[in-house]
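Subject: Structure handover

Hello,

Here is the structure, with my notes on it below. Please read the notes with the model open.

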Amino acid sequence: MRRRPLALAALALTLAGGCLKIPTEESKSPETGSEGQASLVSWPGAAVDKLYKEGEVRTYTMMQSGKPIGTSWGRYEGPVAGEPGHFRFATRIELRPPGRDGKPAEPLRSSGEIIVDARGDLVRGFERSNAAELRFERKGDALHFTSGRERDEITYRNGDAFMAFSAIFHEELMFGLRRLAPGELSWRLVSLSGSMPTEWTATLTIPDPQSPGQATVKTNLGETIQLRDGRIEKVQIEADDVEIQTPVKPPPWPDWQIEGPPVLSYSPPPGAKFIRREVELPGRPGEPALAGEVLLPPGKGPFPGALLLPGTGQQDRFGFAGPPPVDLGSHSISDAMAEAGFAVLRFDERGFGSSAEGPISYLGQLEDARRALRTLLVQDEVDPDRIVLVGHGEGGWKALQLAAEDPSVKAVALLAAPGRPYEQILRSQSEAALQAVPPQLRDDARKSQEKTLQALKTGHGVPPELAAQALWIKEILQVSPEALVAGGDAPLWIAQGDKDFEVDPRRDPQELMKLAKRRKRKAELRPFSDLDHLFKPEPNDSNPSRYLDAARTVDHAFLGQLTTWLLGQVNAPAAPAKPRGK
């Protein structure tokens, strides 16, 4: 899959990220080149500590169609104290994505640091924004990445190239370290921003033999880089009308600081009456070990039981997900049910919290939900004849499946659950995301999205950055909401916030109601004004960045209506079962 140019990709948001690439120590430029440029050398290369004066700042402005879209800074900090032969370099990035309705968007800021040895090889460093932090450290022939709960490693050897997203200073640093002569260049790049390693090729020419310090580098990504004495003067990306250059009057080194992402932690609400007990979720051989906890109200019971099934299955028992760290609010829902008198089971999804890693599979997560229900049913304090399921997002589909399989389920609450097949949801979300892409690029972006969707449906040609989620998406694309609603009799409570951008608040709940009516299944629809997909108050337009606001909490009125309905279902006289298929 072709990688997009750096500045444009950062602003488009829906396109694959890309960046200028850095050569390896092993891929030297040839001594001779074409067109009579034999023996010319554009830049002889310099030692790490000789490229810049200590504290020197390099600045690069990014323009698209003549409008500023961002600034990238780099600074040589000097030798690392107490580490002979190690040198520190810092970066700051500020991107300005397009706003909506004529309003400027908040700038996207990040900071980074790399420490290199005397050869210019990476030792360690980090990339940080207010939403996420990625740390990396070299150990032997591997580069280890750590981001929150996630850990990864890739091969890295002496001379390998490296660059963080939009950190143009890293590119210039590499050029300055190497001897540059005319000819074909081919280098391996290791991304410091979490992307897959890639190969970069280019051709270096010297336009004027009388000024060998000036060189032009044309890359396989459609970028034309102008160098002077090993430093970047200008980058042009003609196809996207993007230009990056060193300004005559550069803005100073930023005075803003990036503190990094918040650390999420859970504590019961003030005055909570329930107690918590750790449990394991027994499974079959080969299934990942799952851990969770049961919330028990005061008293001896037996209590009605409740199981919360969250959305995409990528969070811990409290609803903490990421990176970047985000509180999806699941703990507020489970806490409220426990306070209302339910024995509640909540668990860490595979790979989160105390649960073991496992394939990211929708069918696997559905089996995890079955394990959770079985675990809830055998708790001594739980009345197995009074069980309710609460499914949020795609968790609603799992709740419908479990209710169809187990008659002990007396009611199902569907919170912002999709009412249409998942392919329709993906297409709607993709079309909405395209509105953030410059109009002249939307056709190409739409074609890229369609190609990606077809790859996910077939499992062939899946982009590397989506490989981990490919199985999950392929499986959920085959789920039929109509078949799920038709599969059980338990009453449904369909809740929907009108500020939801993940499902359509006008279409999806109505589709669920239509399916329930068609099957003569009891269902209630409860719309909630000014609540988002997480059922948190949202006075403005909801978007992913709003999820990062840890101060926002699940709406109390919504929680009250949810628990009232659930209690009404488990305390109501049992109704005679309806014949299936009628």
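This is a predicted model: local features need pLDDT of at least 70, side-chain atom pairs count only at pLDDT 80 or more; totals for chains, interfaces and linings use all residues.

Residues are numbered from 1 along each chain as its sequence is written, and side-chain values use heavy atoms, with hydrogens and water left out.

The chain has 11 helices and 25 strands (DSSP runs numbered from the N terminus: H or I of at least four residues for helices, E of at least two for strands). Of the contacts (heavy atoms within 4.5 Å) between residues at least 6 apart in sequence, 64% join residues at least 24 apart.

Helix α5 (residues 395-405) is largely enclosed by the rest of the structure, because 8 of its 11 residues are buried. Those buried in α5 include Trp397, Lys398, Leu400 and Leu402.

The axes (lines fitted to C-alpha atoms over the stretch in contact) of helix α6 (residues 422-433) and helix α7 (residues 442-458) come within 11 Å and cross at roughly 160 degrees. α6 and α7 are therefore roughly antiparallel (angles over 145 degrees, on a scale from 0 to 180 between N-to-C directions). Glu423, Leu426, Arg427, Ser430 and Glu431 make the contact from α6; among the α7 residues in it are Arg446, Glu450 and Leu453.

Regards

Conventions. Angles under 35 degrees count as roughly parallel, over 145 as roughly antiparallel, 65 to 115 as roughly perpendicular and the rest as oblique. Buried means under 20% relative accessible area, exposed over 50%, partly exposed in between (1.4 Å probe, protein chains only).
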